[in-house]
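The sequence and the structure are shown first, and the description follows.

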Amino acid sequence: MSKEVWSGPILDNHFHLNPNGRNIEAAKDFAKVGGTDLVLVHCPNFSNLPKTKKEYQLSYESTIEQAQKVRDEVNLGMRVILGPHPAAFAHQCIEWKESEGEAGVQKAKDLYRQSIDLAIDFIEEGKAHGLGEIGRPHWEVDEDILQYCNGLLEETLHIAAKKNITVQLHVEGDEKAPYSQIGKMADRVGLSRKNMVRHFAPANVSDELTGGMVPSVILQKGCIETLVASISDCSRGFLLETDYMDDLRRPGAVMGPKTVPKRTQTLFSMGVDEEILYRTHVDLPNELYGPPL
Ligand SMILES: [Zn+2]
């Protein structure tokens with residue numbers, strides 16, 4: 001084994017698979033370049049969002065089945081994250097408010113709560129490992145919609161605290177505001193920031209910025225130096241992800257499935273310690289989600 005090659009486990013912390021996308025082939029690509037573990041995050045079909053509790057159940061089940069298929073056919077360690085995507089709630093709330101007024105808002109909120117309850121049932125049955133992606137829209141929405149999102153998020157964090165469940169957060173692009181604002185929300189409801197993962201996190205992983213939340217870094221071009229420079233100021237560790245979308249209509253719109261293995265090798269060749277990479281790919285995921293299925 002060459003000293004310059006990382007031969008340990010490699011985990012992508014935020015990965016989607018789409019039944020109509022490349023699906024198992026994308027997982028094979030990841031494995032081909034040394035990937036060993038995926039955190040598969042539920043993503044609803046945005047052209048046909050679940051409208052009832054039953055439809056949410058079916059769409060969660062399909063994510064769980066997909067994970068099983070990857071386990072069986074590609075032999076990757078799999079963890080599953082389930083929850084109502086914040087964009088799904090925002091779209092439905094805006095649409096139903098327009099057509100049904102306050103009753104429409106209530107309907108969207110009720111569906112959100114039902115979808116959280118369902119996700120928790122699956123987590124408690126051992127079929128899923130965390131709640132996500134939850135949070136607030138990444139684009140600008142009207143103040144009332146943002147308030148509904150923040151209210152529901154705080155409720156969800158409270159439930160996660162009581163049940164000791166890790167959450168994956170989907171938030172707006174601002175570097176600091178999501179860490180500080182949602183961090184304060186978590187403090188109010190007693191959820192440890194250690195159990196909160198910020199998906200699509202900026203490359204600066206210093207505690208000063210994250211406030212103790214776990215950054216799941218999306219290593220876009222030119223970001224790797226920022227990550228390496230801040231690692232020594234990150235006490236709990238960080239994760240790596242692609243947010244692979246598996247959408248055939250938007251190839252190349254996001255990172256490909258081989259990116260985390262490749263970036264891990266780059267980090268190793270830049271001198272990042274083995275212990276740090278082991279924490280990223282093994283120990284921290286175990287602490288957050290428990291062992292893979
Ligand atoms: Zn995602």
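Asp233 lies in the loop between helix H8 (224-230) and E8; helices (H or I, at least four residues) and strands (E, at least two) are DSSP runs, numbered from the N terminus. The model is a predicted one, in which local features need pLDDT of at least 70, side-chain atom pairs count only at pLDDT 80 or more, and totals for chains, interfaces and linings use all residues. Residue numbers start from 1 along each chain as its sequence is written.

Because 13 other C-beta atoms lie within 10 Å, Asp233 is partly exposed. On this scale a residue is buried if 20 or more other C-beta atoms lie within 10 Å of its own, exposed if 12 or fewer, and partly exposed in between, with C-beta atoms placed from the backbone. Not counting residues up to four places away in sequence, Asp233 touches Ser206, Asp207 and Glu208; a contact requires the C-beta atoms of two residues, placed from the backbone, to lie within 7 Å. Asp207 is 26 residues from Asp233 along the chain, and their C-alpha atoms are separated by 6.1 Å.

## The parallel sheet

Eight strands form an open sheet with parallel pairing, in the order E1-E2-E3-E4-E5-E6-E7-E8. Its edge strands, strand E1 (11-15) and strand E8 (239-241), each pair on one side only. From one strand to the next the twist averages 25°; angles run from 0 to 180 degrees between N-to-C directions, and axes are lines fitted to C-alpha atoms, for helices over the stretch in contact. Helix H2 (residues 53-74) packs on the sheet, where it touches strand E2 (37-41) and E3, and its direction makes about 170° with that of E3.

Strand E4 (residues 130-135) is mostly covered, six of its six residues being buried. Strand E3 (residues 77-82) runs parallel to E4 and is joined to it by two bridges; two strands pair if DSSP finds at least two bridges between them. Ile81 stands opposite Gly130 in E4. E4 also pairs in the parallel sense with strand E5 (residues 167-170), over three bridges, and Leu169 in E5 is the bridge partner of Ile134. Further along, three bridges join the parallel strands E6 (residues 196-201) and E7 (residues 214-218), with Ala201 opposite Val217 in E7.

## Pro178 in helix H6

Pro178 is located in helix H6 (residues 177-189). Pro178 counts as buried because it has 22 C-beta neighbours inside 10 Å. Leaving aside neighbours within four places in sequence, its contacts are Leu169, Val171, Glu172 and Arg198. Leu169 is also the bridge partner of Ile134.

## Packing of H3 against H4

Helix H3 (residues 86-100) and helix H4 (residues 102-124) pack at an angle of about 150°, their axes lying 7 Å apart. H3 is therefore roughly antiparallel to H4; angles under 35 degrees count as roughly parallel, over 145 as roughly antiparallel, 65 to 115 as roughly perpendicular and the rest as oblique.

Residues of H3 that meet H4 include Phe89, Cys93 and Trp96, and those on the H4 side include Val105, Leu111 and Tyr112. By class, this contact has eight nonpolar, three polar and three charged residues. Here Ala, Val, Leu, Ile, Met, Phe, Trp, Tyr, Cys and Pro count as nonpolar, Asp, Glu, Lys and Arg as charged, and the others, Gly among them, as polar.
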